[in-house]
Amino acid sequence: FTVTLWTILGLDVRCVYHFSPLEAQQIGKLAKKWSATVLLATPTFLRSYLRRCEPEDFAHLEVVVAGAEKLPTPLCDAFEEKFGVRPVEGYGTTELSPLVSVNIPPSRSQSGEVDAKEGTVGRPVAGVAVKTVDPESFEDLPVERPGMLLVKGPNVMKGYLHEPEKTADVIRDGWYVTGDIAKIDKHGFIEITGRLSRFSKIGGEMVPHLSIEETIGQFVQGGNQDELIVVVTSVPDEKKGERLIVVHTKAMTKSPAQVCEHLKKAGLPNLWIPGADSFMAVDEIPVLGTGKLDLKALADLAKRKFCC
């Protein structure tokens, strides 16, 4: 609503709407017909456009902004190679109205500074402050130290309707607790390293699913980023607390043993390496209508197979 409705109404620009971002070919046709210059999407949808749209559909694109989930560099490479424009990443949550930060493409930069840094979600927008804190003690952390990301500013919601206790859990002294683990560099660029819900506590250590996913993805897909074929989740484990599970489609051509061996060679700690018996194949990775991973459906799939 903020970007594609109110921004459009407040500026002298026009917008093309379609009811489903899943219909890639139709979106390509609309972009071509109306000479669209700006595209907003998620990495999941960008993969779909890579598969189903032609270069001439996006011939007029100047800016592509992705959010909702991590934007992999190989996906940026593939999109730029086919359509001639490199996607940038932004970040926000519903509770933050929703924008927190965004990378500004060089074609839109109006400052003498570097406004974009790949691998990050950009710097906070004007009037918004961010910091990282220890997830348990909530003590402030220094620059470059990963921790829980907190956000403060006029974009922070008043609270959840009729739920004061839930509101108190996520807003502390005016700071909104995002639930995302991030680090902030000395120039203010924010790098999201994972969501707290996408960490497993194994043997007392916090293990990030995203880092494992990215390492596996590079190994099994390389530069072929036109579909999501592997994700990591976890199930309860009596001995270690949790057990890592790799959910993949049948498009993954590497064996579990090969993947595990690659993770070892890549230098990942032993606790970060799933067992060769902790892989499961599915027809497709569950995704919400918004383009985000359906984490609940993913966890349910793993529990049904490994927690019988």
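An open sheet of five strands runs in the order E1-E2-E3-E4-E5. Its pairing is mixed. Two strands count as paired if DSSP finds at least two bridges between them. Helices (H or I, at least four residues) and strands (E, at least two) are DSSP runs, numbered from the N terminus. The edges of the sheet are strand E1 (38–41) and strand E5 (123–124), each of which pairs on one side only. E1 and strand E2 (residues 63–66) are parallel and share four bridges. Ala41 has Ala66 in E2 as its bridge partner.

The model is predicted: local features need pLDDT of at least 70, side-chain atom pairs count only at pLDDT 80 or more, and totals for chains, interfaces and linings use all residues. Residues are numbered from 1 along each chain as its sequence is written, and side-chain values use heavy atoms, with hydrogens and water left out.

Thr42 sits in the loop between E1 and H3. The residue is buried, with a relative accessible area of 6%. Here buried means under 20% relative accessible area, exposed over 50%, and partly exposed in between (1.4 Å probe, protein chains only). Beyond its neighbours within four places in sequence, Thr42 is in contact (heavy atoms within 4.5 Å) with Ala66, Gly67, Ala68, Glu69, Thr290 and Gly291.

Helix H4 (residues 73–83) has Pro74, Leu75, Cys76, Ala78, Phe79 and Phe83 buried. The cover over these buried residues of H4 includes E1, H3, E2 and H6. Just after H4, Gly84 adopts a positive phi of about 80°.

Salt bridges were assigned by distance: a side-chain nitrogen of Lys or Arg within 4 Å of a carboxyl oxygen of Asp or Glu. The count by this rule is 15.

Lys250 and Asp283 form another salt bridge, at 3.2 Å between the closest N and O atoms. Lys250 lies in the loop between strand E14 (241–249) and helix H7 (256–265), and Asp283 in the loop between strand E15 (279–282) and helix H8 (295–306), so the pair ties together parts 33 residues apart in sequence. Both Lys250 and Asp283 are exposed.

Salt bridges with shared partners join Asp77, Glu80, Arg86 and Glu118 into one network. Within it, the side chains of Asp77 and Arg86 meet at 2.6 Å, N to O. Asp77 is partly exposed at a relative accessible area of 38%. Arg86 is also partly exposed, at 25%.

Pockets were located on a 1 Å grid over the protein atoms alone. A pocket is an open set of points with protein on both sides within 12 Å along at least five of seven lines, and lining residues have an atom within 4 Å of a point. Grid points are joined across faces, edges and corners, and a volume is the space filled by probe spheres (1.4 Å probe) set on the points. The second largest pocket has a volume of about 410 Å³. Its lining holds 16 residues, and the closest to its centre are Thr44, Arg51, Glu284, Ile285 and Val287. Helix H3 (residues 43–52) supplies the largest share of this lining, six residues.
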